[in-house]
Each structure stands twice: as structure tokens, then as C-alpha cells.
Amino acid sequence: MPGLTLDDLQDPSVFVFLRTHMFKASTLAVMPRVEALPDFDLLSESIQRRCNAIEVKINGYDEVPTYIDTKTRVIRIQFPPLPEEDDEGQRKVALMRADEALKRTLRKLPSPHFTVMYTNTEDKLLNKNDEKRWAKLDVFADIVKDASRSQEFERNHNVKEEERYFPEKRVNLIDRKLYEGSTFIDPELIYDNELLVLGVVLVVALLVVYQSILFLKWIVTSLFAAKSQSKQTTLKTKSSKDNKEALKDTKKSK
């Protein structure tokens with residue numbers, strides 16, 4: 001965070017997530033005053049070489065890409081420089097946005113095993129007044145100097161032990177005694193797959209009913225077709241007889 005100072009770290013309301021992460025961290029180290037900044041490029045290269053890691057750079061408040069593999073990564077979030085202290089309210093807003101970006105990044109990590117380094121990346125000279133004033137300040141002393149920090153223990157152990165669940169015995173839908181005397185079908189197989197057997201029987205019954213309806217429909221259609229055909233044949237025979245009689249009468253009249 002370019003331009004971060006000890007004065008910024010005196011306001012707990014700005015670093016809500018950072019303080020929460022520090023409180024839950026099992027290992028915590030704070031260096032409020034250093035003579036020179038570390039070489040972050042060299043540090044990143046060393047981690048990549050020793051841990052076979054890859055480097056991921058995030059610009060500003062962008063989110064880290066989602067990944068689910070086990071490859072070790074060095075994630076470098078490069079925030080923009082903080083506004084000057086004269087800009088009323090803007091500096092606090094920028095710090096709160098950075099805290100929110102840190103929260104989004106850490107929550108997307110697929111592993112709970114990671115290390116966070118939150119520091120100033122801008123090297124500049126200090127005036128004597130700031131140096132004297134900062135000599136009395138610390139970084140979140142209520143967390144760092146808590147009495148519980150004198151003992152080392154796992155603070156992020158959230159594994160909840162629960163008793164193993166055993167499902168209740170199911171209610172049988174088919175009486176097992178009906179198949180005890182059967183030798184053609186294994187009764188154990190039917191008993192263990194009773195729902196499947198009932199489903200097959202139901203499907204077969206529906207299929208039989210459907211085919212029966214189709215067969216009855218075909219019979220009715222055939223009967224109606226036969227009756228209509230016989231009526232047409234009778235009408236044709238009668239009309240032919242009438243025509244013959246009419247011809248005979250015509251010949252007689254001549």
C-alpha cells in the first residue's frame with residue numbers, strides 16, 4: 001500500500017477485515033518501524049524458486065482470478081498511492097476500499113494455509129516530528145499485545161466433530177413372506193429391490209391397459225367399416241335391379 005503510515009493504522013474502523021484476520025491468525029508478526037523496505041521482487045522470486053510457485057499481480061481493487069488447483073501462488077495486490085492527508089475523507093475511503101479488496105481476495109483462496117504481508121511500499125524520508133510521534137505508536141496493540149499471544153496454539157481450528165449418522169430402518173412395501181416359497185425368482189433380490197419391482201409392474205400394467213384400449217378401438221373401427229361397406233353393396237344391387245326393370249318397361253312400350 002503506497003503511502004501507508006502508522007497514523008492510518010490507528011483507526012480500527014478502517015481495517016475491519018484486516019483486524020479480524022489478525023485476530024484469528026495463529027502466527028502474527030508486526031514491525032511498526034523499519035529502516036528500509038524489503039525488496040519485494042527479490043522476495044517474490046525467492047518464494048517462486050523455493051516453493052515452485054507462480055506470481056499473480058492484481059492491479060488496484062480488482063479481484064483475484066478464481067482457481068481450484070493446488071499450485072502455490074504469490075499474489076501481489078498493487079494498490080494505487082493513497083491520497084494526501086490534506087484530502088479530507090478521501091484517504092479513509094481508499095483504505096476502506098483496500099480492506100474490502102483484501103477480504104474478497106482471501107475469501108477466494110481455495111486453501112486456508114496462506115501468509116499475508118500488509119505493508120507500505122513507498123520509501124520516503126521522515127521528518128523529526130513524525131519520527132518522534134511514531135516512536136510511541138504501535139499497530140493494533142489490542143490484538144498484538146494481547147495476553148493470549150504469549151502462548152502459541154491453533155486459533156483457526158474450526159473442525160466440528162459430529163456423531164456419525166445412521167439412517168433408520170426403512171418400512172417394507174412388499175411382504176417378504178409372499179416370496180419365501182418361490183424358487184424361480186430370488187426372494188432376496190425382490191425384497192432388496194421392492195421399489196424397482198413395483199415400478200416395473202406398474203409400467204407393465206399401464207402398457208397392457210393401453211394396448212387393450214387400442215385393440216378395442218381397432219375392433220370398433222373394423223365393425224363400423226364392415227357395416228358401411230355392406231350398406232353400400234346393398235344400395236348398388238338395388239339400383240342395378242331398378243335400372244333393369246326400367247329398361248324392360250321401355251322395351252315393352254315400344
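The largest pocket has a volume of about 1900 Å³. Pockets were located on a 1 Å grid over the protein atoms alone; a pocket is an open set of points where a 1.4 Å probe fits, with protein on both sides within 12 Å along at least five of seven lines. Grid points are joined across faces, edges and corners, and a volume is the space filled by probe spheres set on the points. The structure is a predicted model: local features need pLDDT of at least 70, side-chain atom pairs count only at pLDDT 80 or more, and totals for chains, interfaces and linings use all residues. Residues are numbered from 1 along each chain as its sequence is written, and side-chain values use heavy atoms, with hydrogens and water left out.

The lining of the largest pocket holds 49 residues. Lining residues have an atom within 4 Å of a point. Closest to the centre are Ala29, Val116, Met117, Tyr118 and Thr119. Helices α1 (16–24), α3 (90–107) and α4 (128–134) each supply at least two lining residues. The top contributor is α1, with six. By class, the lining comprises 26 nonpolar, 13 polar and ten charged residues. Here Ala, Val, Leu, Ile, Met, Phe, Trp, Tyr, Cys and Pro count as nonpolar, Asp, Glu, Lys and Arg as charged, and the others, Gly among them, as polar.

Two or more lining residues come from each of α2 (40–51), β2 (73–78) and α3. The largest share, six residues, belongs to β2. This lining divides into 20 nonpolar, ten polar and four charged residues.

In overall layout, the protein has seven helices and two strands. Both are DSSP runs numbered from the N terminus: helices are H or I with at least four residues, strands E with at least two. The order from the N terminus is α-α-β-β-α-α-α-α-α. Of the 254 residues, 19% are buried. Buried means under 20% relative accessible area, with a 1.4 Å probe and protein chains only. Among contacts (heavy atoms within 4.5 Å) with a separation of 6 or more, 63% join residues 24 or more positions apart.

Arginine 19 lies in helix α1. Its relative accessibility is 17%, so arginine 19 counts as buried. Beyond its neighbours within four places in sequence, arginine 19 contacts Pro12, Phe140, Asp142 and Ile143.

Four aromatic pairs were found in the whole structure. Rings of Phe, Tyr and Trp (its six-membered ring) pair if their centres lie within 6.5 Å; planes under 30 degrees apart count as stacked, over 60 as edge-to-face and the rest as tilted. Phenylalanine 15 and phenylalanine 140 form an edge-to-face pair, 5.9 Å centre to centre with 65 degrees between the planes. Phenylalanine 15 lies in the segment before α1 and phenylalanine 140 in the loop between α4 and α5 (141–144), so the pair ties together parts 125 residues apart in sequence. Both phenylalanine 15 and phenylalanine 140 are buried. Phe15, Tyr118 and Phe140 form one aromatic cluster.

An unreviewed UniProt entry annotates residues 195–220 as "transmembrane region". UniProt positions follow the numbering used here, feature names are shortened, and annotations may be inferred rather than shown by experiment. In the model, residues 195–220 are 100% helix and 0% strand, and the end C-alpha atoms of this span lie 38 Å apart.

Terms used. Buried means under 20% relative accessible area, exposed over 50%, partly exposed in between (1.4 Å probe, protein chains only).
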